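Dear colleague,

Please find below the structure that I am handing over to you. My notes on what was found in it follow directly after.

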Amino acid sequence: MRTLLIGAILAVGLSLGACGDDGASGEDADTNVVAADSISEPDGDLDSDGDLDSDRDGDRDSDGDSDGDGDGDGDGDADASPPFAPSEGFRVVGTTLVDANGYPFVIRGVNNPHIWWYDDSMLALDDIAAAGANAVRVVWETRGQIAALEEALENVALNGMVPILELHDVTGSADPEALDALVDWWTDRDLVDLLAFLRRKVLVNIANEWGDHTVSAEAWRDAYASAIARMRAAGIPHTLVIDAPAWGQGLDPILTYGASLLAGDPEHNLLFDLHMYGLWNGDGRPAEALAAAADAGLPLLVGEFGYDYNEGLNNLACRLDAPGLMAAAAERGVGWLAWSWHGNNAENAWLDLSTDWSVDNLTPWGALVVDGEHGLRATARPASIFAPTR
């Protein structure tokens, strides 16, 4: 059993970068020092089994099943056996993300700005879970304390959601050395140990939106080939989430070189991440992107997206057909993570899902993501790792 020692973090807000500037304001961000008591078992129930109750399913009802079908996969259908072999953690099989129990997992969640608003983001996890999310993209930076990061990742998992850890330091950079610097952080022994401890639960998003509009497809490929090789050599076998260039919105480099990156990865365990804002305006374009990735046999996640706000008169020129994207993702089993729960600065406040961190006070954008026809409550299913009955 690993002792979780919760340290302190000074969370100072910086500008977020979906297309460069969708983030928390430095003037408004949480600057409080965060501290918490140490706990001896990461599930918080003090029984050393890693779940929240006595039956090891993590759903708090002692029946060993999160959805009542007896199989523990959260889909409501009784399955005699998992379709894939169990493994030590998440992995990609073809275009399918598979959890450690061997069940497909379709990401449905939100981005949460832990590094800028630590206290509020931590408290919001209960609300995000109540909204139906099965995953949280944990926004982080290399300046954050490892103990605080561990607390954040564990609390995401305690709420039955998969943590997807991403680094925001080099958003929009065109410098390969900046990406290398992030890999230095990932391959630090303390981080490698933390990721090993969370092997079954966590996905690793190497860098948010590395690569601006000037980065060529070949430069993007080469930079990530180097990053992937270094991380594998350091002992990180996890699913690596690879953001597209062009501030996350460039699909063509993924289509052109995604297969070669997968082939060159010793683990063959990559999930490509496309962000959708103004470059994806137009009827049917999100569905076309998902179809193109599927036709190429490439695993895809839409790790950030916005919506048609103010007829495109916004800082990201975004008129994205979000309902169309969500419908296409539901049809194809593609994961998505909406930007973002709360804490955006003034020019990006239209992207807040909640007005005050609470699930009870959703914005119209939040209502679409949570309660829309293809929203969280309608389509999200928990990973079977939070309801293991085998």
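A salt bridge is taken here as a side-chain nitrogen of Lys or Arg within 4 Å of a carboxyl oxygen of Asp or Glu. By this rule the count comes to 12 salt bridges. One of them joins the side chains of R137 and E166, at 3.8 Å from N to O. This pair links distant parts of the chain, with R137 in strand β6 and E166 in strand β7, 29 residues apart. Helices (H or I, at least four residues) and strands (E, at least two) are DSSP runs, numbered from the N terminus.

Some remarks on the basis of these values are needed. This is a predicted model, in which local features need pLDDT of at least 70 and side-chain atom pairs count only at pLDDT 80 or more, while totals for chains, interfaces and linings use all residues. Residues are numbered from 1 along each chain as its sequence is written, and side-chain values use heavy atoms, with hydrogens and water left out.

Confidence

The protein averages a pLDDT (the predictor's confidence in each residue, from 0 to 100) of 85, and 79% of the residues score at least 70. Over residues 1-28 the pLDDT is below 50, and this stretch has 118 contacts (heavy atoms within 4.5 Å) in the model beyond near neighbours in sequence. Residues 31-76 also have pLDDT under 50, and for them the model has 114 contacts beyond four places in sequence.

The salt-bridge network

R137 forms a further salt bridge with D243, whose closest N and O atoms are 3.4 Å apart. Here too distant parts of the chain are linked, since R137 lies in strand β6 and D243 in strand β9 (residues 240-243), 106 residues apart. Both R137 and D243 are buried, where buried means under 20% relative accessible area, exposed over 50%, and partly exposed in between (1.4 Å probe, protein chains only). R137 counts as buried because its relative accessibility is 0%, and E166 counts as buried because its relative accessibility is 0%. Salt bridges link R137, E166, D243, D273 and E304 in a network.

Elsewhere, the side chains of R221 and D222 meet in a salt bridge of 2.9 Å, N to O. R221 counts as partly exposed because its relative accessibility is 24%, and D222 is partly exposed with a relative accessible area of 43%.

Strand β6 (residues 135-140) is mostly covered, with 6 of its 6 residues buried. Both of its faces are covered: A135, R137 and V139 are buried on one side, and V136, V138 and W140 on the other. Strands pair, in the sense used here, if DSSP finds at least two bridges between them. Strand β5 (residues 108-112) pairs with β6 in the parallel sense over 4 bridges, and N112 stands opposite V138 in β6. From β5 the chain crosses through helix α1 (residues 118-130) to β6, and this β-α-β crossover is right-handed; that is, with the strands pointing away from the viewer, the path from the first strand over the helix to the second runs clockwise.

β6 also pairs in the parallel sense with strand β7 (residues 162-167), over 6 bridges. The bridge partner of V139 in β7 is E166. β6, helix α2 (residues 146-158) and β7 make a right-handed β-α-β unit. Helix α2 is mostly covered, as 10 of its 13 residues are buried; among them are L149, L153 and V156. Just after α2, G160 takes a positive phi of about 75°.

What is the burial of β10? Of its 7 residues, 7 are buried, so β10 is largely enclosed by the rest of the structure. L270, F272, L274 and M276 are buried on one side of β10, and L271, D273 and H275 on the other. β9 and β10 run parallel and are joined by 4 bridges, with V241 opposite L271 in β10. The chain crosses from β9 through α6 to β10 in a right-handed β-α-β crossover.

β10 and β11 also run parallel, joined by 5 bridges, and the bridge partner of M276 in β11 is F305. The crossover from β10 through α7 to β11 is right-handed. In helix α7 (residues 285-295), the buried residues are P286, A289, L290, A291 and A293. Their cover includes α6 (251-264), β10 (270-276), β11 (300-305) and α8 (322-332). α7 is followed by G297, whose phi is positive, near 70°.

With kind regards
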